[in-house]
Amino acid sequence: MALATVSRYDPDRIAERGGHAVVVGASMAGLVATRVLVDRFETVTLVERDPLPEDAVARPGTPQARHIHVMQTAGQATLEDIFPGYGEEVIGAGALVIDLASDLAIYEEGDFLADGPTRMPMYCASRPLFERITRRRVAALDRVTIRDECQFVDYLVDEGTTVEGVIVRTGGGEREIEAELVVDATGRTSRTPAWLERHGFPSPTTDEVYIDLAYSTAVIERPAESRRSFFLMPNPPRTRGCGTFPIEHGRRLLTLVGVHGDRPPTDPEGFVEYAASLPIPDIERLLEEHALVSEEIAHYPFPANVRRRYEDLDRFPVGLVVVGDAIASFNPIYGQGMTVAALEALQLHHTLATERSDEVALGFFERAADVVDDAWRLAVGSDFQFQRTTGPKPFGTDLVNGYVARLHRKAQTDGSLAESFNRVVTMENRPTSLFRPGIAWRVLKPGR
């Protein structure tokens, strides 16, 4: 599922409104889910265990927020649909717009891809800034209540198969919040699978693809006019990669990546040495020419891609839905998380518009699987370039990887191929678009 193949947001699709919904977790997934629920429910409560800051700073519950986050084309378009004027507000808060086709240098198969022929605008900002603007938009909605420092304890259930709300804990003790629908947006640590088992429901099977990734991120100074960005994937036998993008306040984030036990350092000297080991000199040069804003370098391990296959269940409690990383979390180097969350919220909107209340969960999981499938294949398929990667390998992965590697080599001198690839990575087009006859001929014809 990609932007080109999904029906766009239509606020008029849902004619009736009533009842109360609760969203657990103020991640990007929780925030965009809250927004679409407002179209169906009279009131929505968003609960979050962290204190929610006024400023654009990382929360304790999102340690990954200090690293590079990319808002892909499909995410940008969807957020603009559900929050009109979102892009202007993000830019007004300090985000930049780069042209993915010419400002982003993508290194694959031993060289940089050619510039694309068509401009592809991309918002560049820190994750906390994206989250702050989204949270501010949600908080401004009349029928939404946000409760931070509010710990989720358990679901409220009737004697049968229906979730009727949540139990939460605040400084004043535990309390119950009743709801017609509860949305679990608590991320990779979601307790819903274990809860299902305890209450006699089937729990989703889980796919785990181990890549043993870690990344370290430094904040460095950036001249005001600088837009140049770089992206270098680990590529066998090289286990190292990097990404760097401009962000707000005259800074840029530089993330160094290692897979299968290759750990980027967190001390400045080691960080520079690691950057110098990359096959392009540009990253080392950035560190030579621009100072680190702080000697503190953030580090984050990511052992495995995880996907919980809720779409395969034939029985699930009424009144409960799971979204975001609680369904699937991907190798973060591909920058899919926020965009997948936005597309899932769009699918939740369509589900609420078409399904009876007792069929919302299973209907949504089927729709969400369409979103997750392409992102999952893109992430784990690339991870399986390494023989040490373990887990369920999607059918045809080796054949597709060989084709994509050839596409990358051809795209080093063919800007149209580079653009076709970029429109898949940004989730504007489906991966199957790369096999259209016109593209396949350019990839497979003899010669470079």
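What is the volume of the second largest pocket? The second largest pocket has a volume of about 510 Å³. The model is predicted: local features need pLDDT of at least 70, side-chain atom pairs count only at pLDDT 80 or more, and totals for chains, interfaces and linings use all residues. Residues are numbered from 1 along each chain as its sequence is written, and side-chain values use heavy atoms, with hydrogens and water left out.

**View 1. Lining of the second largest pocket.** A pocket is an open set of points on a 1 Å grid over the protein atoms alone, where a 1.4 Å probe fits, with protein on both sides within 12 Å along at least five of seven lines; lining residues have an atom within 4 Å of a point. Its volume is the space filled by probe spheres set on the points, which are joined across faces, edges and corners. The lining has 22 residues, and A56, S126, V219, I247 and R251 lie nearest the centre of the pocket. Two or more residues each come from α4 (127–139), β12 (206–221) and β15 (251–258); helices (H or I, at least four residues) and strands (E, at least two) are DSSP runs, numbered from the N terminus. The largest share, three residues, belongs to α4. By class, the lining holds 12 nonpolar residues (Ala, Val, Leu, Ile, Met, Phe, Trp, Tyr, Cys and Pro), six charged (Asp, Glu, Lys and Arg) and four polar (the others, Gly among them).

**View 2. Strand β4 and its two partners.** In β4 (residues 104–108), five of five residues are buried, that is, under 20% relative accessible area with a 1.4 Å probe, protein chains only. L104, I106 and E108 point one way, A105 and Y107 the other. Strands pair if DSSP finds at least two bridges between them. Four bridges join β4 to the parallel strand β13 (residues 229–232), where F231 is the bridge partner of I106. Two bridges join β4 to the antiparallel strand β5 (residues 111–112), where D111 is the bridge partner of E108. Two residues lie between the strands of this β4–β5 hairpin, in which E109 has a positive phi near 55 degrees.

**View 3. The largest nonpolar core around F316.** A nonpolar core is a set of buried Ala, Val, Leu, Ile, Met, Phe, Trp, Tyr and Cys residues joined through side-chain atoms within 4.5 Å. The largest has 124 residues, and L37, V166, V182, F316 and I327 have the most contacts inside it. Helix α9 (residues 360–383) gives the largest share of this core, 11 residues. Leaving aside neighbours within four places in sequence, F316 is in contact (heavy atoms within 4.5 Å) with L196, F201, Y310, V322, A361, L362 and F365. Another core of 18 residues lies apart from the largest one, and includes A218, L232, Y274 and A275.

Notes
Buried means under 20% relative accessible area, exposed over 50%, partly exposed in between (1.4 Å probe, protein chains only).
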